[in-house]
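Trainee: I would like to go through the terms used for this protein. Please show me the structure.

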Amino acid sequence: MSIHIQIADEGPIRTVRMNRPDKKNALTAEMYEAMAAAIEDASGDAKIRCVVIAGRNGTFTAGNDLTDFLHAAESGEGLGANTVRFLHALARSRKPLVAAVQGVAVGLGTTMLLHCDYVVCGANARFSTPFVSLGLVPEAASSLLGPALMGHRRAFALLVMGRPFDATAALACGLVNAVVAPVDVDATAMKAARDIAALPAEAVAESRRLMRGSPDEIVALMDKEVGLFKERLRSPEAREAFNAFLSRKR
Ligand code: COA
């Protein structure tokens, strides 16, 4: 288990909190493993009726750890098994997912929100997916879910052009349900989670299944993206971009 993921159950609500303050909550293999396990376990636990994904220290997450990306590029391994497990856990979650976003949500920090049922963000939130400028391709089934949510052109600006969305843009395109003061993000997300948890659990589960379609199809697309991602990770473009970030002078 990762020291950088905190898991807390409060009645029917499980909170999965990313907490790696010195690296803007950038996600490592251990963090993915812990998050995947918490979501998978919640799926099979009748006591848990909703899972909240949150960050800490005014940050949601800076996305995948770029040092890990560089290692994956050099070893030729591609996205790690724990990352893929986390992606599948999102797609297959049988419990509603709520996200509480403060500050930056980069890469998977943004694309994981496409799997959430309710998203609260702070007025200071900034969503970005710099996949293509890193020489990569979109992941987490965002190549399907992004355009389906916001239309092709807005999804293209976000996922391909790497244009960041602020909280207002995220609200306008339906990526988030509510924008609140940063200090109120966690409490507002918890209130939404409590509202969901108070509903009849089986009716919520059935309704959610109807609305979300087949998890197998989403997982199949994720796996296709993972294959392309692996090829892109090995590209000179990607290595150059990771090295440039990790060796930048500030
Ligand atoms: N992987 C590894 N380390 C990361 C990281 C990442 N994705 N994001 C941030 N960090 C590290 C920085 O290297 C820095 O570490 P250091 O203090 O040891 O040098 C620390 O976290 C703080 O980051 P910093 O860049 O100083 O914070 P900032 O507030 O100026 O900027 C970001 C925050 C998120 C905008 C910026 O860090 C960034 O662009 N990160 C890369 C995001 C990214 O490309 N993710 C992959 C998406 S596919």
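Mentor: We will take the helices and the cores in turn. This is a predicted model: local features need pLDDT of at least 70, side-chain atom pairs count only at pLDDT 80 or more, and totals for chains, interfaces and linings use all residues. Residues are numbered from 1 along each chain as its sequence is written, and side-chain values use heavy atoms, with hydrogens and water left out.

Trainee: What makes residues 29-43 a helix?

Mentor: Helices are DSSP runs (H or I, at least four residues; strands are E, at least two), numbered from the N terminus. Helix 1 has 15 residues.

Trainee: How do you know that its span is close to the expected one?

Mentor: The expected span is 1.5 Å times one less than the number of residues. For helix 1 that gives 21 Å, and the helix reaches 21 Å from its first C-alpha to its last. Helix 3, with twelve residues, reaches 16 Å, close to the 16 Å expected.

Trainee: What makes a nonpolar core?

Mentor: Buried Ala, Val, Leu, Ile, Met, Phe, Trp, Tyr and Cys residues, joined through side-chain atoms within 4.5 Å. The largest has 67 residues. Helix 1 gives the most to this core, with eight residues. A second, separate core of 15 residues includes Val52 and Val98.

Note on methods:
Buried < 20%, exposed > 50% of the residue type's maximum accessible area, 1.4 Å probe, protein only.
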